[in-house]
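Trainee: Can we go through this one together? I'd like to start with the strands.

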Amino acid sequence: LELSYNWHFEVKDQTDPKESSKIFCVADFVGDLCKALASRIRGAVSSVTFDDFHKNSAKIIQVAVFGTDQESKRPKEEIKFVSNNLVVTSVDIRAVEPVDQRTRDSLQKSVTLAIEITTQSQEAAARREAERIEQEARGKLERQRIMDEAEAEKARRELLSLQAESSAVESTGQAKAEAIARAEAARIESEAAVQGARLRAEAQKIETESELERMNAARTADIRFAIENNNLEVEKAEKMAKIETDKFNQMVTALGKETIQAMA
């Protein structure tokens with residue numbers, strides 16, 4: 001087994017020299033770590049079968065390295081070595097290679113057999129899916145054929161009904177056909193007369209309304225013109241009175257009070 005670990009030193013009280021110096025207590029801490037974990041993994045792997053280890057190798061190694069929580073019964077998330085405050089947080093399997101040739105051959109056969117089983121299963125699933133699609137297509141085609149035949153039968157019945165009606169009309173003779181034609185002509189003529197009267201009434205109504213609108217517009221224009229003309233006359237009279245008043249004041253100012261008194 002080729003494994004990799006994530007680890008770090010954890011010093012809770014960094015102000016304590018004794019606690020901090022623990023990380024230097026073990027000279028070859030990496031070697032000691034690998035030996036300790038390898039011993040645990042060998043003990044765990046030796047107690048299971050090859051097939052069980054091959055299927056659940058990651059879980060077996062994780063339980064062997066970190067142990068199991070007694071309350072949750074789940075693998076712990078880390079392991080701490082109190083001698084030097086070394087903490088391992090994860091372990092990953094990089095490679096699995098059997099040392100024994102027979103075991104290696106058995107593993108290769110197991111992998112090949114698993115691949116063949118997976119391939120056969122996928123082929124069988126694909127074959128079943130293809131058969132299902134083919135059956136659905138056949139079912140749709142059969143339903144469409146039945147629907148087409150039903151539509152054709154319906155069209156044939158309608159044709160036979162029309163042919164029967166045509167034969168019945170022909171058998172009634174020319175007199176019935178002429179009577180029907182005269183009745184239809186009379187109906188059309190009466191409808192045309194009613195429609196003509198309605199159109200004439202509407203035309204008369206439109207003409208009357210137009211004349212009323214024209215007369216109202218002319219009356220309104222005359223009233224507006226008279227009002228504007230009166231306003232202009234009033235404005236003109238006011239301006240003329242103002243001009244006369246200004247002219248008199250100017251004359252009084254030009255002559256002066258003494259001249260006016262002498263003239264009086």
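Trainee: In which sense do β2 and strand β3 pair, and over how many bridges?

Mentor: This is a predicted model, so read what follows as a description of a prediction. β2 and β3 (residues 86-95) pair in the antiparallel sense, over three bridges.

Trainee: Which residue in β3 does F81 stand opposite?

Mentor: F81 stands opposite L86.

Trainee: And what is the strand order in the sheet?

Mentor: The order is β1-β3-β2, in an open sheet of three strands with antiparallel pairing. β1 and β2 are the edge strands, each pairing on one side only. From one strand to the next the twist averages 40°.

Trainee: What holds strands together in general?

Mentor: Strands of a sheet pair through backbone hydrogen bonds, in either the parallel or the antiparallel sense.

Trainee: Which strands does helix α2 touch?

Mentor: Helix α2 (residues 29-45) packs on the sheet and touches β1, β2 and β3. The direction of α2 makes about 125° with that of β1.

Trainee: And helix α3, what does that touch?

Mentor: Helix α3 (residues 50-66) also packs on the sheet, touching β1, β2 and β3. The direction of α3 makes about 155° with that of β3.

Trainee: Changing topic: how many aromatic pairs are there?

Mentor: The count comes to three aromatic pairs. One of them is W7 with F9, an edge-to-face pair at 5.7 Å centre to centre with 80° between the planes.

Trainee: Why is the pair of W7 and F29 called edge-to-face?

Mentor: The ring planes of W7 and F29 are at 70°, so the pair is edge-to-face; the ring centres are 5.3 Å apart. The cut-off for that label is over 60 degrees.

Trainee: Where do those two residues sit?

Mentor: W7 lies in strand β1 and F29 in helix α2, so the pair ties together parts that are 22 residues apart in sequence. Ring pairs link W7, F9 and F29 into a cluster.

Trainee: OK, charges next. How many salt bridges does the structure hold?

Mentor: The structure holds 13 salt bridges. One of them joins the side chains of E10 and K80, at 3.5 Å from N to O. E10 is in the loop between β1 (2-9) and α1 (17-20) and K80 is in strand β2 (residues 79-81), so that pair links distant parts of the chain, 70 residues apart.

Trainee: What about E149, which residue does its side chain meet in a salt bridge?

Mentor: The side chain of E149 meets that of R145, at 2.6 Å from N to O. E149 and R145 are separated by about one helical turn because they are four residues apart in helix α4 (residues 101-172). Both sites are partly exposed: E149 has a relative accessible area of 46%, and R145 has 38%.

Trainee: And which residue does R156 form a salt bridge with?

Mentor: R156 forms one with E153, the closest N and O atoms being 2.6 Å apart. R156 and E153 are three residues apart in helix α4, so about one helical turn separates them. R156 is partly exposed with a relative accessible area of 44%, while E153 counts as partly exposed at 31% relative accessibility. Salt bridges that share partners also join E129, R132 and E136 into one network.

Definitions and conventions: Residues numbered from 1 in each chain as written. Heavy atoms only, no water. Salt bridge = Lys/Arg side-chain N within 4 Å of Asp/Glu carboxyl O. Buried < 20%, exposed > 50% of the residue type's maximum accessible area, 1.4 Å probe, protein only. Pairing = 2+ DSSP bridges. Axes fitted to C-alpha atoms, helices over the stretch in contact; angles between N-to-C directions. Contact = heavy atoms within 4.5 Å. Phe/Tyr/Trp six-rings, centres within 6.5 Å; stacked < 30°, edge-to-face > 60°.
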